[in-house]
Amino acid sequence: MRSIKNNYVFVLVAVCVLLTAFVGAFPDCIGENPFISERVLQTPTQSIFSDKFNYFVTDASQNITVTDKDNRFLYNIKGNNAKTTFDSIDSIDAAGDTVYVIEKEMGQTVDLAERMRVLRFTDSGRHREVLYDIDTMTSDGEQVIYLDGLRIIDGTAYFNELDPDGIRIYKCAEDGCHKVQFIPLEDASDIVYVSSISDDLVAVAAMMNGDIYTYPNGDPKKIYDAGKNATDDYFSIICNITCTKDTIYCCDIGLRRVFALDISGGEPEIVVQPGEYNISEPTEFGENALYTWMNASGGVVSVMASEYSIEDEDYTYIVAAKTEDGKTIYCGTTIGTAPTRRALNLAVWAALIVLAAIAIYAIIQVVIMMFKARSAVGGAQLFIFVTAVLITVLVTSYISRMYNERLINENARTLTNIAELVDREIDKDLLKKIDSPDAYFSDELDTVDGIIRGIVKSNDNNDTNIYTTLYTVHNDIISEIYTIEHEHGIMYPQAGIYSGSYEESLAESGESDMFVAEELAEGSYTYTFKPMYDDSGKLVAFAEVGTNFDRFVNENNAMYKRIVLTAAMAVIIAMLMLAELMNTATAAVLRHHARTSRLQIPAEVIRPVAFMIFFTANITTAFLPVYGMSLWTDRVPIPKEIAAALPLSAELVVSAISALVSGSLIKRTGIRSMCAAGAVAYVVGNLLSAFAPNLWVLICANSICGIGGGMLIISVNTWIATLSSEEKQNKGFMHYNAAYLAGMNCGTVIGSMIRDMYGIKAAYFMAAISAVVIILFALWLLGRGGTVKTEKKESGSMRSLLTPRVVRYFALLIIPYLVCASFLSYYFPVVADRNALSAAELSTAFLLSGVILIYMGPALGEPVVAKLGTRKAMLLASFIYAAALVYPIIEPGVVSCYVVIALFAVADCFGLAAQSVYFISLPEVKAVGESRALAVNSTIESIVTAAGSVIFGAALMLGERLGIAVICIVFSILLLLYFVFERMASKRGGNDR
């Protein structure tokens, strides 16, 4: 107990890490009420009832809900890690707890997929593999490739790929997906609606007109003629098929039934009757629910039923499942919650409560330390800073919301205009001829398609996110006869009947109507609905012109987020730049006074020079790894992830060497000359980087910048060392550190913004111009400097520095710490680029780190070190570093990266100071001499920081989760070894030489 009390900070950090890791492993439990035993499936679209689990595709095809055999909720499967959900699930199959999914990555064009991929989920959905990934669209925005017919046969997944040449059957193996069969079929991706695969690997295809073909030995055989099976009620339209060993199960959306068909042909056998799962009592055929999807596996047939209520003007979606012997085992959208899930929910909520209590305690302690550490002026500056950022965020958000309303209204006007043009330009006699599923292959449909595409893609309405659909009324059923994406065939029915419907009243009024955010099974849409009449005033069709409202809102929200982030960062940077401008003015006044009074130049004048040095050095920091990766080619004999780290690593290594060399030359060249030479090297390096034709030139250019960086750093440090008293030197280093933080933040953010708006070359030009300002500042503000003092020769040699204690300090603590610091400079920019983050979002991470260091550093650094001691404070910082890396292991992504960066910055607030104090206090350092020991320390820091980027590049090759896990494990082991060896050395009396 006494040990825990003495190390309660470590215990609290460990508890926080364990609890947050636990909560992060089950994020979907956070919003759940642990006391509710039932839940409703939201907008279900597919379902599978397997031998162990049941799977429901819900939330407009963006989530998979998994239950046990008793339909009690167990967990959710999320898709794309970057987006946290699936873009759109096209088909799914499962065997045990292994789930295969075909996912569509939706593009700008509504309901068309830019990419499709086959995913496999194992370990209760936690492990995700991409088995197959393909671009599906041509350069002119036409989707020509479809993945379909996903099936698990004898434990192996198969699927079809439809393209203009035919049908390809793929098999999913451990080493990827391989083609096992090809069926030539001209325009297969255009004429085949859905497809499947039999147990004997025979391809089965339902055409756009409802006909079904099999392809034994690759030869077509029609086994179902949709035209002959049409009734007086409606056409036979097949919207989904699933194969078992010798049977094809077909979902007939036209005749509102599910039937079974022998794979060799024959008469259909009805499996699910029309109206079998209606909620209301239908009085005529059109009131029967539509069966929009069906699955048959494990002796169970499951269907999705869509029913429309005229009274409520709303859709009801029902999941139903029945066994082969006709017994219904599920009907509805309500499921229970498994006892294990309820217990897990309770545990997560308990963890959240404990975390909230710890967070409140920590915030109170930090605030107390900040008030104790800061002067009234510092507190006022912090208050002004926070107030300015909050006001900016609130005002920007308000303006963005007002702008959002204007965008919505403008979008509505555009949709209405297109609907008017469609009504005016299309010959109504053409529409009357599109009256059966076979019309999908007619010239009339091609003519209508050309007219509508010309309108939608005209110069005035060039928005690929706009869709157009035409409907007609047949046998009192509203039927889709055209859609610009050709997603369905012709005469695709809608739920409900026309008589007494909203559409009928709209047709009688002759007016069009606008729906801003209409909720449908496929998502939320904004659209104009307009009746179309012939010359005699008879209703011919309805035109629906719309856009996906969810996507519209998401795009707008992303834009607003960028605006708010940019505005907030602009305010922060403006305040920092204003502060540095005031410091420059103060330095100029002090410099002038010192010159006229023939006094030594005060320490304050170093701040503008140091600020410009760090500002220039960090302009390209945020995007340098990404720029290096973009210049990589197959000719570079190094993996891309590692090669991209070389420019930054080369700059750091060369900078360390340059600093060592410059230290011996500065007495002969003078401080101002050395500073000017370093700035010239920065100019040359940045200009060369701007025009780098390949990665090798970029590495050379950054090496030149490294030469300049070493010269500049040694110049300002030497200038501070020449000040006449220790008090002035301390003041100089205080301004130097403040300039470093301000320059790093301003340079990173401004450089990223310039790159985002004007390109990479513009950012490098900005860096070159800033380097010229360094020359001007050095010549203007710095005098010739004092005489570099010759230190008293210490008795110890450099070899005496290499004791077990010092080696442990570097090998087990400092080197891993510095390697992990490359998370921000290399790993995060690469992850941000993979997730398509904007410059504002990328810069936020650097700014977050800088603001924490600027405003929390002085408040946390001294109190933590004073309370814990230098060694414990140093160990705590390393412990936080290791703990922070747990988050991207549990949930890789941008959010986890932000958490890591924030925790790293908090650890640096006291960790860096503790490391410096501890190192200087070592007897070995005192024996060798502080300056010589610090030179060794600085060189090691530069080399290790350079290697850190390469190490993270290698980690990326292993994958985001596994790579970070390896670094975290190694770091934790080294930290544990350091702790153990230090305890052993303490027990031996500290004599560890």
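In this predicted model, threonine 214 touches Val202, Ala203, Val204, Asp219, Pro220, Lys221, Ile223, Ile248 and Ile263, leaving aside residues up to four places away in sequence. Threonine 214 belongs to strand E16, which covers residues 212-214. Its relative accessible area is 2%, and because buried means under 20%, threonine 214 counts as buried.

Burial also marks strand E3 (residues 53-58). Five of its six residues are buried, so the strand is largely enclosed by the rest of the structure. Strand E3 pairs with strand E2 (residues 46-49) in the antiparallel sense, and E2 and E3 form a hairpin with three residues between them. Strand E3 also pairs antiparallel with strand E4 (residues 63-68). The hairpin of E3 and E4 has four residues between the strands, and aspartate 59 in that turn has a positive phi of about 55 degrees. Tyrosine 55 in E3 is the bridge partner of isoleucine 48, and in E4 the bridge partner of tyrosine 55 is valine 66.

Within the pairing of E24 (residues 314-323) and E25, alanine 321 stands opposite tyrosine 330 in E25.

| Strand pair | Bridges |
|---|---|
| E2 and E3 | four bridges |
| E3 and E4 | six bridges |
| E24 and E25 | four bridges |

Technical notes
Residues numbered from 1 in each chain as written. Predicted model: local features only at pLDDT ≥ 70, side-chain atom pairs only at ≥ 80, totals over all residues. Heavy atoms only, no water. Helix = DSSP H or I, 4+ residues; strand = E, 2+ residues; numbered from the N terminus. Buried < 20%, exposed > 50% of the residue type's maximum accessible area, 1.4 Å probe, protein only. Contact = heavy atoms within 4.5 Å. Pairing = 2+ DSSP bridges.
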